[in-house]
Amino acid sequence: MARIPGSRRDRMKVDEKIEHPVRMLFRVIRYVLKKYKWLYLLALVCIAIAAVASLAGTLFQKVLIDDYIVPNIGAEKPDFIPLLRALSVLACIFAVGVVVSYVQQRVLAKISQGSLKVIRDDVFSHMEKLPLRYFDTHPHGSIMSVYTNDVDTLRQLISSSLPEILQTAVTVSITLVSMIAMSGWLTLVSIGMVIVSFFVTAHVGGGAGKYYVAQQQNLAGVNGYIEEMINGQKVVKVFNHEAESVKGFEEKNEKLRISARKANGIANILMPINGNLGHLSYVLVAVVGALLLTGGTAGLTLGTLVSFLGLNKSFSRPIRQLSAQINSIVLALAGAKRIFTMIDEEPEVDEGKVTLVRVETGEDGSLIETVERTGRWAWKQDEGDSFRLIPMQGDVRFNGVNFEYRDNHPILHDIDIYAYPGQKIAFVGSTGAGKTTITNLINRFYDIKEGEILYDGIDIKTIKKDDLRHSLGIVLQETNLFTGTVMDNIRYGRLDATDEECIRAAKLANADSFICRLPDGYNTMLKNDGANLSQGQRQLLAISRAAVADPPVLILDEATSSVDTRTELLVQQGMNSIMQGRTTFVIAHRLSTVKDSDCIMVLEHGRIIERGSHEELLAKQGTYYSLYSNNFSED
Amino acid sequence: MTKSALLIYNSAERQRDMIKTLLGQVKQYKKSAILTPVFAVLEVLMETLIPYMAALLIDEGIEVGLAYGSMDAIIKYGVIMLGMAFLSLTFAITAGRLAASASTGFAANLRSAMFRKIQTYSFANIDRFSTGGLITRLTTDVTNIQQAFQMSTRMAVRAPVTLIFSLIMCFVINRRISLIFLGAIVFLGMILVFVVKKVSKIFAEVFIKYDELNTGVQENISAIRVVKAYVREPFETEKFQKASGLLYKVSMKAEKIMALIPPGMMLVVYALTILVSWFAARFIMGGEMTTGELTSLFSYIMSVMMSLMMLLGVFAMLVMSLASGKRIVEVLQEEPAVKEPENPVIEVKSGDIVFENVSFSYRAGDGGRTLSDIDLQIKSGETIGIIGGTGSGKSSLVNLISRLYDVDEGCVKVGGVDVRGYELSVLRDSVSVVLQKNVLFSGTVLENLRWGREDATEEECRRACLAAAADEFICKMPDGYNSRIEQGGSNVSGGQRQRLCIARALLKSPKILVLDDSTSAVDTATDAKIRRAMREYIPGTTKLIIAQRISSVKDADRIIVMDDGRVNAFDTHENLLKTNEIYREIYETQMSMGGDFDQPAAGREA
């Protein structure tokens, strides 16, 4: 498999800083709004109404005291009717508040869960479109963590922080208006205390930031260590290395504990500090209010002051709570950044127009496009107002191809290859000579830098990628199986294959016998990448998968390297029968796999140094010959 | 007991057991963990008293002050309130600090306990858990538990205590009104219990769906070449969308019920407000209550609501962490399949190996025998080749020797003693295995080699590398033996990795050396060189060599031919050629078609 040295590590550095948190926040909001504009508006309205209802409760305290209680104190026969009426009105307002709050909850749940689904789906479908280079240059663990960690922190942001920000904004502004209406002076006191709160939070919270970064770094360290050690756990066992492994772990674990304790410790005291500043604010307002009352100049009543004390609470509490959440919001935004970075990755471009179609021969001998499974294909080329059908034969040519994965690190030099339809072409050479790279270029996992690759005379850059890949079957050395039954995994080659077709393919690949010995045969569930199967068995399944796809051109990249030679021979015979008349590319380090090829290319350091059939190359007495004789020289 | 009742009982039992196991890891942080709620309660006490002081401030300060123009009472109660606020702050900070220390310490203990437990796992245990799964359990799951623990020690006590204190204060202010409070709280409690019961079941479902979704992503990332080669992007996207749709559906099911809670609480609080207003108005007019007391009552209504909100947050956290807790406990309670014997033998006398009537299966008892009726006698110092088809049981056979797995029936003896009688570390020090799927660790070449023997000198390491034909390419690396190996050995080629692993195994100076297809990525010439060197480097060691190539085993003293989990033949190369059909067939296919093809000195690619 193509390794691009260096690049993985470079990207692994923890990058927690966000340059524009507010811009990122707005992007998240825009994202949510895209699909749920009207629902969000509805939620907003609900929040406003609920806030008003809740405010009505606080304001009522003033009315209750000033209008209904104080005038009636000491009255012989107090009149309860007005109070009853007022309470009924309040009850109606409250009822609306409760109903609206329920609607708000439901709407917000739908928005947050729905947005999460949209984000997950978007991230995934975008990921599927990314070029192979992305996967080769990013550690798989960090791609995975976008789904497991980042989407999860974003969920908290969307489902709790965002609505809370909204709610705070609405509550605070409505409250502020009523506070100003009641008493300007007292409002100033309140605002002053909130500002103090802000400063304290910024000061204390800022100190926490440093520890949070340390915590994240240590966490990454522990995760990395665990990943490496658990992956090598069997080796640890074999070498009795358990104690050392634990020792290394404890060191990192302790570091994490200390930084986590500091970060959490600061976060934990932020809330009580702000809470008690709230109490201070209460006392101050009471004192100032009392002064104003005794002065009698500000037009303040006892009821107003009592109400204001309530308002003061509803004014400062949400702000305080929100500021206590700042850390988690920042963390979520860091996650959002990673999500959007992935969504912003350039997808694989496909400017190809030539498509692959099934054809049959018409009465006049010309090709006609058809939907029947004729077993014959043609390239359909758009020529302005008409189409041209070029029969698909499997003629592949490389003309002067140069390629590099990274700038100035050329991998292939000036490669010329001619594969005529039906030929078996083999690539041999040491690891790193560029064998796999060539196959990566044929199916355009990577694009060439210079030169051209022609497929039946058509430049592959003009062929639609999907169709190009449909025309090529690939079996890789490293086999990947999917959660599902054995049958599902074989059917992956062609989704509409019947059970019979899958079984026939398995028989061709010589996989049938071991599959039948599995507990549930073809219906055996494979989990964990088929963990219970041996390397060789997995390869046989991969070959079955390719066989059921029945492709015009087949690429076998060390496809039988873990299969024993006897089984390999049987597999080869099976494959030869289906690949009759079709082009096959083979990469192998076993001579048995390549010997009967029409043409063998010997690669060294990205160049083809020899080419020819087995006999021709032996006759040449060159590199191939010396390698061949080397195999037998020792005995 | 009905069946379903039994089920609930069992799961409650299991949950209790789980929580007990988890809390067992609090250990040295027990003091902090217990003191946290104590300080949290003290903090709540202060917080509850503050509105009462506020009531006095209004009644005696403002109302009276209004009449007599005196600020004394306002200042007096203001100072008391500030003093209480200061105390409350002190308690809160203490509680916060203690909670941070206890929860992070608890998390560190959990990670450590799990990691240590995993070290005791045998191969069978490791097979049961996926690597990815274990990593998530050690990281994400522990973080969840840490947060839940912190929440419960700090917040979970706050909420009920606030409720109780508010109720008491209410009782002090006015008994009759406190009855309304009591009714409201009981009603709220009923709503909560109802929701908890309904939702926790759904949450379990949510987690299953979530896991499935992530498994799908994981598979797609690692199999991206297959996906792209077969143009299955739309298929996979559709599959993913179906899974995320299911997740959405169950999550919404939970959310629908959860959505009842805030309006439910509002309902109660509003009802309280109206009832309190009504009765309070009458009481005040009747002179039984003051306006100040009324404001503090409203204040208590607020704190009741706030504490309930908090309780809700804690509850959501706990439900989510329940699944994490379960996954952690699974790791902690897993019984190692291979156990240390009571009175272990601490010396391996020789490299003799005997298999007596051995049968083995990976999942005991499901009928799928991997090995059956194995009888073998191997003498110390012999070189044994093992050959056979894919899935014939070669690796399983050698894995039994160092007790990587235990036999189902029969026994395996090393040096005349049943392997189950040895102390594990002793046995494994004497039996060196180079696994088929081998890994290197991040660190220098030397550090990796010294896994074999910690105190090996550089010279000894070099000698081992010479024998494993690794010296040449190591010397060509930029820093020679001090060159860094990346995680998993990703910066060396497959062949180089295999040779380093062989060298590492040689450093143990084992009595028995097992090479499980360890030279498959090494070219034939180098392979031959390694085998020759081995004969000189460790002549007295019993060597078992599993290989695909006949050339790798043909000069062994004897060769085992495995077929379908049984020993088909065990003899010399010459005899096998004459008598064994399978062996002859393998030999002929390989000889007629040539052996392997690779660059002779793969070292040059470094």
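A residue counts as buried here if 20 or more other C-beta atoms lie within 10 Å of its own, as exposed if 12 or fewer do, and as partly exposed in between, with C-beta atoms placed from the backbone. With 20 C-beta neighbours inside 10 Å, F283(B) counts as buried.

Some ground rules before going on. This is a predicted model, where local features need pLDDT of at least 70, side-chain atom pairs count only at pLDDT 80 or more, and totals for chains, interfaces and linings use all residues. Residues are numbered from 1 along each chain as its sequence is written, while chains are lettered from A and ligands numbered from 1 in the order in which they are written.

**The two chains**

Helices (H or I, at least four residues) and strands (E, at least two) are DSSP runs, numbered from the N terminus. On that basis chain A has 20 helices and 16 strands. Its radius of gyration (over C-alpha atoms) is 36 Å, well over the 26 Å of the globule rule for 635 residues, so chain A is more spread out than a compact globule. The rule itself is 2.2 Å times the number of residues to the power 0.38.

Chain B comes to 20 helices and 12 strands. Here, too, there is a spread-out chain: the radius of gyration of chain B is 36 Å, well over the 25 Å that the globule rule gives for 606 residues, so chain B is more spread out than a compact globule.

| Chain | C-alpha span | Buried residues |
|---|---|---|
| Chain A | about 125 × 70 × 50 Å | 46% of 635 residues |
| Chain B | about 120 × 55 × 55 Å | 53% of 606 residues |

Contacts come next: two residues are in contact if their C-beta atoms, placed from the backbone, lie within 7 Å. Take the contacts in chain A between residues at least 6 apart in sequence, and 75% of them join residues at least 24 apart. In chain B, residues 24 or more positions apart account for 78% of the contacts with a separation of 6 or more.

**Domains**

Domain bounds come from an automatic or database domain assignment. Chain A gets domain 1 (21-183 + 300-344), domain 2 (355-391) and domain 3 (396-633). Between the C-alpha centres of domain 1 and domain 3 of chain A there are 57 Å. Chain B is split into domain 1 (19-333) and domain 2 (353-596), and the C-alpha centres of those two domains of chain B are 56 Å apart.

**A helix pair and the interface**

Two packed helices are described by the angle between their axes and the distance between the axes. In chain A, helix α6 (residues 184-231) packs with helix α8 (residues 242-295) at an angle of about 170°, the axes being 8 Å apart. That makes α6(A) roughly antiparallel to α8(A); the label applies to angles over 145 degrees, against under 35 for roughly parallel, 65 to 115 for roughly perpendicular and oblique for the rest. Axes are lines fitted to C-alpha atoms, for helices over the stretch in contact, and angles run from 0 to 180 degrees between N-to-C directions. The contact of α6(A) with α8(A) involves 29 nonpolar, 15 polar and three charged residues. Nonpolar covers Ala, Val, Leu, Ile, Met, Phe, Trp, Tyr, Cys and Pro, charged covers Asp, Glu, Lys and Arg, and the others, Gly among them, are polar.

Between the chains, 134 residues of chain A are in contact with 139 residues of chain B. Helix α8(A) turns up again here, giving the largest share of the side of chain A that touches chain B, 27 residues. That side of chain A divides into 63 nonpolar, 45 polar and 26 charged residues.

**A few single residues**

Back to F283(B), which sits in helix α9 (residues 261-285) of chain B. Not counting residues up to four places away in sequence, F283(B) touches N174(B), E288(B) and M289(B). F283(B) and N174(B) are 109 residues apart in sequence and 9.2 Å apart in space, C-alpha to C-alpha.

P551(A) lies in the loop between α16 (535-549) and β13 (553-557) of chain A, and it counts as buried with 26 C-beta neighbours inside 10 Å. Leaving aside neighbours within four places in sequence, P551(A) is in contact with S471(A), L472(A) and G473(A).

D456(A) is in the loop between β8 (450-455) and β9 (458-459) of chain A and is buried, with 21 other C-beta atoms within 10 Å. N357(B) belongs to strand β1 (residues 353-360) of chain B and counts as exposed, with 12 C-beta neighbours inside 10 Å.
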